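Here's a quick briefing on how this fold packs together. Have a look at the model first, then go through the points below.

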Amino acid sequence: MLLNTLFMLYHVLMIINTGNRTDIPAFYSRWFMNRIRAGYVMVRNPYAPQNITKYPLVPDVIDILCFGTKNPEPMLKHLSELTAYHQFWSVTITPYDKDIEPHVPDKTKVIDSFCKLSSVVGIKSVSWRYDPVFLNERYDIDFHIRAFSSMCTKFEGNTDNCVVSFIDLYEKTKRNFHGIREVSHNEQEFLIEKFVEIAAKHGIKVITCCEDPKLAFLGADVSGCMNKIILERACGFSLDIPQSSLSRLMTREGCNCLIGNDIGAYNTCGHGCLYCYANYDSKTVAANIKKHDPESPLLIGRPGPEDIIRDARIEVYRDLQIKWL
């Protein structure tokens, strides 16, 4: 029998995030829409798997749904069902080929899907990510400048911002991605200066996330990719967040982004990108994908008798006075 009677009483700002641990829009859209229709979702704690948190998924208590994806196309047909929710979409589109991102769809198609998405949810609710930036023999500085310029042309009028982030070489990234190197500080400054200049010609602002704040002197916005101001702009109202909740939602040192309440699971993304920090290896990913059940409240597997399920007690921190941001 499920241990369903234990409830943890804590306050949660209802930002539901789908994209830090895996790509739900690209691979699990059917499951996600089933959870929307059911009105709730269950999420395992990745560090204590027996602990499951149950979140409501209803418009009255969700401040905003945040999607992170490399391919929004599977979700386009479902957007009409999500009109009651405020949304923010962060779509990663890089110029890398199949040698780096083996299972990401053709970038021309992804850009087309992004433009369709923007036309439905609005330019304030979409962000293009050019992330991560790394260097090797094929993808050098000149390559990035040419590619970024070409992509800005295609995105003009469909987004007014681009998030640029440089690769962090986690141990699993080093293991899976040989021949890669980080971008030096001088190289970062050179690229950001060029990117800011190029993007401005197309009405696009360059935003950096978790990078050196000194890059601001080159014209970049260094306040983060999913901070309070950006989400308020997408919502159209203020988020009156207590400091206690801010400290919990800002989960990375030096990062202002509100990225808590992720409903995904690590080691489940099928893109197979060599730089990925969320997948351990391809065998683990394949094994987990086999455990996916679109009808389950959990992304991977189902709750078992040994699991402890706790309902999140919700307080919505929303100032309902509309702001035209």
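**Core and sheet at a glance**

The largest nonpolar core has 69 residues, and Phe 32, Trp 128, Tyr 130 and Phe 148 have the most contacts inside it. Here a nonpolar core is a set of buried Ala, Val, Leu, Ile, Met, Phe, Trp, Tyr and Cys residues joined through side-chain atoms within 4.5 Å, and buried means under 20% relative accessible area (1.4 Å probe, protein chains only). Keep in mind that this is a predicted model: local features need pLDDT of at least 70, side-chain atom pairs count only at pLDDT 80 or more, and totals for chains, interfaces and linings use all residues. Residues are numbered from 1 along each chain as its sequence is written, and side-chain values use heavy atoms, with hydrogens and water left out.

- Leaving aside residues up to four places away in sequence, Phe 148 touches (heavy atoms within 4.5 Å) Trp 128, Tyr 130, Cys 162, Val 164, Phe 195, Ile 198, Ala 199 and Val 206.
- Apart from that core lies another, of 19 residues, including Val 163 and Phe 237.

- Six strands form an open sheet in the order 2-5-6-7-8-9, with parallel pairing (two strands pair if DSSP finds at least two bridges between them).
- Strand 2 (15-17) and strand 9 (205-208) stand at the edges with a single partner strand each, so one side of each has no neighbour in the sheet.
- Strand 8 (residues 161-166) runs parallel to strand 9, joined by four bridges, and Val 164 stands opposite Thr 208 in strand 9.

Terms used: Buried means under 20% relative accessible area, exposed over 50%, partly exposed in between (1.4 Å probe, protein chains only). Helices (H or I, at least four residues) and strands (E, at least two) are DSSP runs, numbered from the N terminus.
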